[in-house]
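Let's take a quick tour of the charged side chains in this protein. Have a look at the model first, then read on.

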Amino acid sequence: MILSEITADRTAELLLQINAIKLNPQKPYTWASGWQSPIYTDNRTILSYPEIRTYVKEQFAAIIKEKFPETELIAGVATAGIPHGALLADALNIPFCYVRSAAKSHGLSNMIEGKTLPNQKTIVVEDLISTGGSSINAIKALRAAGCDVLGMIAIFSYSFETSEVNLNNEHCPYYTLSDYGHLISKAIELNYVHSDELKTLEAWKKHPESWTKSL
């Protein structure tokens, strides 16, 4: 869920301004999963804009202070969650680690890089929530290592029902700076997309796994 309507609107506007989120209902993107989508998100772009990077860090810190003040460890999800998690941990002056998508096939075979302690109160940092699969893998790895995962924060969520169900099943509350609904509203307001393209964007949101663009 979002923490603030003001933050959700402002974050959506910033992501659109720097093309971190691209909307193109007429020429759909193909995700790594094979899904066809009228939207593509690359929050790594934020790192090239110091003011926006700082804004994200400050908003994340506000969530931690309000919702998870007992946090003792920040865990970034590889790869895009790592820099934002590290910046946040530095701002809060608390330890940081990151979680790989799979254990290394060589060396120490670590899945978690950095020191963790038993029952350490941990917040997971993602850049993006789609189905929640990578987030859940990280949560399970941290819990297996003995961490007490309090919740997760992310920059943006597609607000799929699948991700909500999956994260609820893991008993992991989460907050995002913005989401799909606020993004589309802001995109229409700023003329990034036309109102007549709204039906396409809404149709994809309902059934993203089976949606295909009618040519």
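Which residue forms a salt bridge with K67? E66 does, and the closest N and O atoms of the pair are 4.0 Å apart. Keep in mind that this is a predicted model. The count of salt bridges comes to eight, and here are some of them.

- E66 counts as exposed, because its relative accessibility is 52% and the cut-off for exposed is over 50%.

**D42 and R44**
- The side chains of D42 and R44 also meet in a salt bridge, with 3.6 Å from N to O.
- D42 counts as partly exposed at 23% relative accessibility, a value to set against the buried cut-off of under 20%.
- R44 is partly exposed too, with a relative accessible area of 45%.

**K121 and D148**
- K121 and D148 form another salt bridge, and their closest N and O atoms are 3.5 Å apart.
- K121 sits in strand β8 (residues 121-129) and D148 in strand β9 (residues 148-157), so this pair ties together parts that are 27 residues apart in sequence.
- K121 is partly exposed, with a relative accessible area of 28%.
- D148 is partly exposed as well, with a relative accessible area of 30%.

**A network**
- Salt bridges can link up too: K140, R143 and E170 are joined in a network of them.

Definitions and conventions
Residues numbered from 1 in each chain as written. Predicted model: local features only at pLDDT ≥ 70, side-chain atom pairs only at ≥ 80, totals over all residues. Heavy atoms only, no water. Buried < 20%, exposed > 50% of the residue type's maximum accessible area, 1.4 Å probe, protein only. Helix = DSSP H or I, 4+ residues; strand = E, 2+ residues; numbered from the N terminus.
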